[in-house]
Amino acid sequence: MTIDATMVGRSYTAAESYQVGREKIREFADAIGDPNPAYIGDDAVAPPTFAFMLGSRALEQLLNDEELGLRLDRIVHGAQKFSYTRPIKAGDDIAATATITTVRKAGDVEVIMYETALTTVDGDPIATSTSTISHNRGES
Amino acid sequence: MIEVGTELPPLTVTFRREDLVRYAGASGDFNPIHWSDRMAGALGLPGVIAHGMLTMASAARVVTDWISDPADLLEYGVRFTKPVVVPDDDKGVNVTFSAKVDKVTDGRAEIDITAVAGEEKVLGRARAVVRVQ
């Protein structure tokens, strides 16, 4: 129950795809206080950081990998990056796969980088999310 | 004409506890450090802090308000360097975002974004790449 460089390359796919609804986009845009008209209506696109939410089911699988032994309440989000092939839009049905790309250790702290590929259910790329998280395994 | 040094219109947002609750609900991120002072304190934080992804979403507005088509945003990344503490009062905390074009090449502009709460920068290496004519 630890994480080390041998875990690089492990991949976790969300069990279900995520169907993007226009009302969810509107709710998210409201929650970030963004009145941009692009986020409203039948042709709505999602705000750029909406992509993070779409990776959460894949991340859940990663956190549930008992061999890694990670605990959500010991994780701090250190950095986040997105690359977009196209905006996410209402009506999209999106598959997410998270892959561990880097593991670094410094004492009790493990710095883990993972990349989440967001694609249509047919495999066409939409966006890639790269997250860096720090996990503290110390007693404290 | 977009050139190096072009400044984007800045933006100031206010985060109150209510905004964190709303973001938690919309995003599904119910980590208690974003709503419970007790849990935030147990992790050594001075109090409830804003979701990093909420700060990141607000910072993106400086860029998406400036480009006319959201499809022109190609890349966007930040480091979460300092927590944004949100007091349990009516005033909340103000975060001010500014941005400047740092590089223009091959139809792409790279934009550096700065986020300040109080006197402190709360994001590091915040950068967006957009498609330009």
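**View 1. Residues 10-94 of chain B in the predicted model.** The UniProt record, an unreviewed entry, places the feature "domain: MaoC-like" at residues 10-94 of chain B.

**View 2. The elements and extent of chain B.** Chain B has 3 helices and 6 strands, and, read from the N terminus on, these elements follow the order β-α-α-α-β-β-β-β-β. Taken along the principal axes, the C-alpha atoms of chain B fill a box of roughly 50 × 30 × 25 Å. Of the 133 residues in chain B, 36% are buried.

**View 3. The largest nonpolar core, with helix α3 of chain B.** This core has 75 residues, and those with the most contacts inside it are A:Ile25, B:Ala59 and B:Ile113. Helix α3 of chain B, which spans residues 52-64, gives the most to this core, with 8 residues.

**View 4. The surroundings of B:Ala59.** B:Ala59 is one of the residues with the most contacts inside the largest nonpolar core. When residues up to four places away in sequence are not counted, B:Ala59 touches B:Val78, B:Phe97, B:Ile113, B:Ala115, B:Leu123 and B:Ala126. One of these partners, B:Ile113, is itself listed among the residues with the most contacts inside the core.

Conventions
Residues are numbered from 1 along each chain as its sequence is written. Chains are lettered from A and ligands numbered from 1 in the order in which they are written. This is a predicted model: local features need pLDDT of at least 70, side-chain atom pairs count only at pLDDT 80 or more; totals for chains, interfaces and linings use all residues. UniProt positions are given in the numbering used here, feature names are shortened, and annotations may be inferred rather than shown by experiment. Helices (H or I, at least four residues) and strands (E, at least two) are DSSP runs, numbered from the N terminus. A nonpolar core is a set of buried Ala, Val, Leu, Ile, Met, Phe, Trp, Tyr and Cys residues joined through C-beta atoms within 7 Å. A residue is buried if 20 or more other C-beta atoms lie within 10 Å of its own, exposed if 12 or fewer, and partly exposed in between; C-beta atoms are placed from the backbone. Two residues are in contact if their C-beta atoms, placed from the backbone, lie within 7 Å.
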